[in-house]
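Q: Could we go through this structure together? I would like to begin with the ligands and then turn to the fold.
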Amino acid sequence: MPSVKESLSPVNSESEKFESTYSITVVGASGDLAKKKIFPAIFALFYEDCLPKNFTVFGYARTKMTDEDLRTMISKTLTCRIDKRENCEDKMTQFLKRCFYHSGQYNSEENFRELDIKLKEKEAGKLANRLFYLSIPPNIFVDVVRCASITASSTSGWTRVIVEKPFGRDSESSGELTRCLKQYLSEDQIFRIDHYLGKELVENLSVLRFSNLVFEPLWSRNYIRSVQLIFSEDFGTEGRGGYFDHYGIIRDIMQNHLLQILALFAMETPVSLDAEDIRNEKVKVLRSMRPLQLEDVIVGQYKGHSKGGKSVPGYTDDPTVPKDSLTPTFAAAALFVNNARWDGVPFLLKAGKALHTKRAEIRVQFRHVPGNLYKRNFGTDLDKATNELVLRVQPDEAIYLKINNKVPGLGMRLDRSDLNLFFKARYPREIPDAYERLLLDAIEGERRLFIRSDELDAAWALFTPLLKELEEKKIVPELYPYGSRGPVGAHYLAAKHNVRWGDVGGEES
Ligand SMILES: NC(=O)C1=CN([C@@H]2O[C@H](COP(=O)(O)OP(=O)(O)OC[C@H]3O[C@@H](n4cnc5c(N)ncnc54)[C@H](OP(=O)(O)O)[C@@H]3O)[C@@H](O)[C@H]2O)C=CC1
Ligand SMILES: O=C1O[C@H](COP(=O)(O)O)[C@@H](O)[C@H](O)[C@H]1O
């Protein structure tokens, strides 16, 4: 099977009949994610000449649309990093010629056979590789996979399926989903996407650690005092309340995005960069986690308020959310990896909607310098003198290290300063969206950034008992005002583990 890059190279007419064709079928093409992320990512890959020569894009959904309607939808809703580039319009015109639409039901074998006929027309008897992107609610994943797989055996190339989260709501439903999908697909055809793994700084985490001798030896309980994984959004669940109320912030962000980052952060050195070697190490971390207790977690929910004639809605003001909903829109948790490397180190995870800022970061707080010669220069608060390594995942990607430095001049005054790698300044080019990287990886069969079923099982095994307890005991979330820094309970949780949240220490902390 030629790689995408090989198939980008020119071919002579003799070899043309052995060429591969590629198709991406976006199932749920009329939906929010397809418009916001998937079509823009496919177009960006096309614009950058990263897609194979013979590729076709199909949209599939129940909504009645023509090919032209889909094209109009794509060009009208397209906002991506490319859209201000030169010759974007020409490229768009070329791109749209490769986009087609088929309307059908998600459980209709007949409708998928019709799609198959249209795909075959484009494939023109060549080796046909098909990627299906399931951008649909999870209750119809299995129907679609069943119908799409009927035609898979009649194609000569590979068939792969990208599955969007949520992969179930707990161990049981996730296990059931995996079993059902595996009736029709093998594990290596399933690409479970966690788009945080496709973010530049998350990929860079392993590079930073494993290719820099100044960091790798420090990566353990001997030097690291706490690790903080923080996700905050400055908007609420507007427009997605119905979905969100069934899941909550722990399932929406913590059990997947933050836990995946934790596993990557804490894993042992993999044998190689091969997908299976990396995923083997991640799964070991997930299986080594100490079971989560209720007292390790605090939950919150945002409330509305009005200020100066402006009002913001609370979570339960959303008409699709029950007035008495206890679903958390904020959670903070202390997790521990029970192994020799991380014994006793708290991994503090925090995720919240409707907070004061939109940010995602990884913060590594180091221990105090033993017998610090300069301790009297820091007054009584030695915490202010600890080094901290921050990977700002978004916005404005950056890696910075907080160090202590002498303020120039006479006398001895120390200042906490940053060694700062600000990506925009160092690399003045746009960073591809996570969906671009992940789509390209799926086309190339690179599984490193996708979730394997045993990783998923381990992630749910960790969170399911906690989620059940929160729900059975009807734990009432602490209310916090929309646009605030979240519930104070999060500070008590950190204090219990003798640390402070690094993101609330100052203006540009
Ligand atoms: N939106 C986002 O930001 C994110 C979404 N996701 C996940 O991606 C997937 C798609 O998300 P999103 O685009 O927001 O979803 P939508 O609710 O927009 O659904 C996508 C499409 O599926 C069809 N659909 C919707 N509800 C039903 C239903 N009950 N039964 C059958 N078909 C239905 C609709 O198409 P039609 O009626 O034309 O058939 C709709 O356009 C979901 O699994 C979601 O959890 C993950 C991360 C972020
Ligand atoms: O998976 C999800 O992620 C988004 C946040 O993604 P980002 O790339 O914009 O940071 C979040 O809003 C959504 O609730 C969740 O389902």
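Q: Which residues are around ligand 2?
A: They are His 195, Glu 233, Asp 252 and Ala 360. A residue counts as near a molecule if its C-beta atom, placed from the backbone, lies within 6 Å of it. Please note that this is a predicted model, in which local features need pLDDT of at least 70, side-chain atom pairs count only at pLDDT 80 or more, and totals for chains, interfaces and linings use all residues. Residues are numbered from 1 along each chain as its sequence is written, while chains are lettered from A and ligands numbered from 1 in the order in which they are written.

Q: How does that shell divide by class?
A: Around ligand 2 there are two charged residues, one polar and one nonpolar. Here Ala, Val, Leu, Ile, Met, Phe, Trp, Tyr, Cys and Pro count as nonpolar, Asp, Glu, Lys and Arg as charged, and the others, Gly among them, as polar.

Q: And how many residues surround ligand 1?
A: Ligand 1 is surrounded by 18 residues, and the closest are Gly 31, Leu 33, Ala 61, Arg 62 and Thr 63. By class, the shell of ligand 1 holds nine nonpolar, five polar and four charged residues.

Q: Which helix gives the largest share of that shell?
A: Helix H3 (residues 32–47) does, with three residues. Helices (H or I, at least four residues) and strands (E, at least two) are DSSP runs, numbered from the N terminus.

Q: Changing topic, how many helices and strands are there in the chain?
A: The chain has 15 helices and 18 strands. Its radius of gyration is 24 Å, close to the 23 Å from the globule rule for 509 residues, so the chain is as compact as a globular protein of that length. That radius is taken over C-alpha atoms, and the rule is 2.2 Å times the number of residues to the power 0.38.

Q: What are the domains?
A: Domain 1 covers 4–164, and domain 2 covers 197–369 + 454–504. These bounds come from an automatic or database domain assignment. The centres of the two domains, taken over C-alpha atoms, are 34 Å apart.

Q: What is the strand order in the open sheet of seven strands?
A: The order is E3-E2-E1-E4-E5-E6-E17, with mixed pairing. Two strands pair if DSSP finds at least two bridges between them. Strand E3 (99–103) and strand E17 (450–451) are at the edges with a single partner strand each, so one side of each has no neighbour in the sheet.

Q: How many bridges join E4 to E5?
A: Five bridges join strand E4 (residues 127–134) to E5, and the two run parallel. Within this pair, Arg 130 has Thr 159 in E5 as its bridge partner.

Q: Where are the cis peptide bonds at Pro 166 and Pro 395?
A: One joins Lys 165 and Pro 166, with omega about 5°; Pro 166 is in the loop between strand E5 (159–163) and helix H8 (171–184). Another runs from Gln 394 to Pro 395, with omega near -10°, and Pro 395 is in the loop between strand E14 (388–394) and strand E15 (398–406).

Q: Is Lys 474 buried or exposed?
A: Lys 474 is exposed, with 8 other C-beta atoms within 10 Å. A residue is buried if 20 or more other C-beta atoms lie within 10 Å of its own, exposed if 12 or fewer, and partly exposed in between, with C-beta atoms placed from the backbone.
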